[in-house]
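Please look at the structure first, then read the points below.

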Amino acid sequence: MTDTPARQHRQVSALARSLPPWSLLAAGAVAGGLLGGGYGVVRTPEYTATSYVVAVPTAKSDTATALGFAQAYGRVATQLAVLGDAQVQADVPVSALRRGVRTATSPDAPMVSVTATSERPELAAAMANAVARALTRHAEDAEPSTHVQLRPFARAVTPDEPSSASAVVTGLVGASAGGLLGGLALLVRPRRADASPGRPASVPAPAFAADTQRQL
């Protein structure tokens with residue numbers, strides 16, 4: 001004969017009340033650490049490489065203009081016109097460049113960083129350099145009107161270590177998250193009832209009843 005849902009709920013509640021408070025925290029931390037560490041082990045590591053180009057003003061321009069065009073080139077570096085040229089040199093489809101390449105600029109320096117991420121370290125460097133070269137060629141074509149040159153500053157090199165988090169880091173993050181969930185479960189767990197029955201509290205008689213007895 002199977003247990004009814006109400007009986008199962010009472011059994012679970014009784015088991016939860018019998019466990020010490022710290023057990024929920026420990027169980028959550030251990031479970032989260034195992035899950036996070038396992039994710040870090042099975043996940044494919046990713047590698048990151050960064051290439052830099054710098055905007056240089058010509059004789060008909062100035063530094064402020066170069067800084068403004070550096071911001072503009074940072075925004076157009078991931079557009080289809082640039083990525084379409086870069087895919088030939090990187091030997092990857094445009095969709096891979098769109099997913100794995102990002103750019104960044106500085107408000108103080110006319111420099112554009114092109115960062116590529118891939119599961120292969122040599123491909124990450126090739127993608128970053130290909131996009132930087134393609135962006136430089138587009139800047140050369142527009143130089144007669146912009147009066148700003150875009151020159152290579154630093155090529156991306158093949159990374160030696162992955163940029164993704166290791167299994168130890170993901171395990172620590174999972175343990176922290178599991179401990180937090182265990183703490184939340186501890187707050188909502190059923191409270192342990194008091195085992196000692198104690199004497200029932202006496203209820204005082206109403207005031208009007210005492211007055212009636214004195215009148216009698």
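Helices here are DSSP runs of at least four residues, numbered from the N terminus. The model is predicted. Helix H4 covers residues 80-90 and helix H6 covers residues 121-146. Just after H4, Asp 91 takes a positive phi of about 60 degrees.

**Packing of H4 and H6**
- The two helices pack at an angle of about 130 degrees, and their axes are 8 Å apart.
- The crossing of H4 and H6 is right-handed.
- On the H4 side, the residues in contact include Ala 81, Leu 83 and Gln 89, and on the H6 side they include Met 127, Arg 133 and His 138.
- The residues of this contact between H4 and H6 divide into twelve nonpolar, two polar and three charged.

**Burial in H4**
- Val 82, Leu 83, Gly 84, Ala 86 and Ala 90 of H4 are buried.
- The cover over the buried residues of H4 includes helix H3 (63-76), helix H5 (94-100) and H6.

**Residues with positive phi**
- Asp 91 is not a glycine, yet it has a positive phi of about 60 degrees.
- Asp 91 sits in the loop between H4 and H5.
- Asp 91 counts as exposed because its relative accessibility is 68%, and the cut-off for exposed is over 50%.
- His 147 is not a glycine either, and has a positive phi of about 60 degrees.
- The loop between H6 and strand E4 (148-154) holds His 147.
- His 147 has 25% relative accessibility, so it counts as partly exposed.

Technical notes: Residues numbered from 1 in each chain as written. Predicted model: local features only at pLDDT ≥ 70, side-chain atom pairs only at ≥ 80, totals over all residues. Heavy atoms only, no water. Axes fitted to C-alpha atoms, helices over the stretch in contact; angles between N-to-C directions. Left-handed = near helix turned anticlockwise from the far one by under 90°. Contact = heavy atoms within 4.5 Å. Nonpolar A, V, L, I, M, F, W, Y, C, P; charged D, E, K, R; others polar. Buried < 20%, exposed > 50% of the residue type's maximum accessible area, 1.4 Å probe, protein only.
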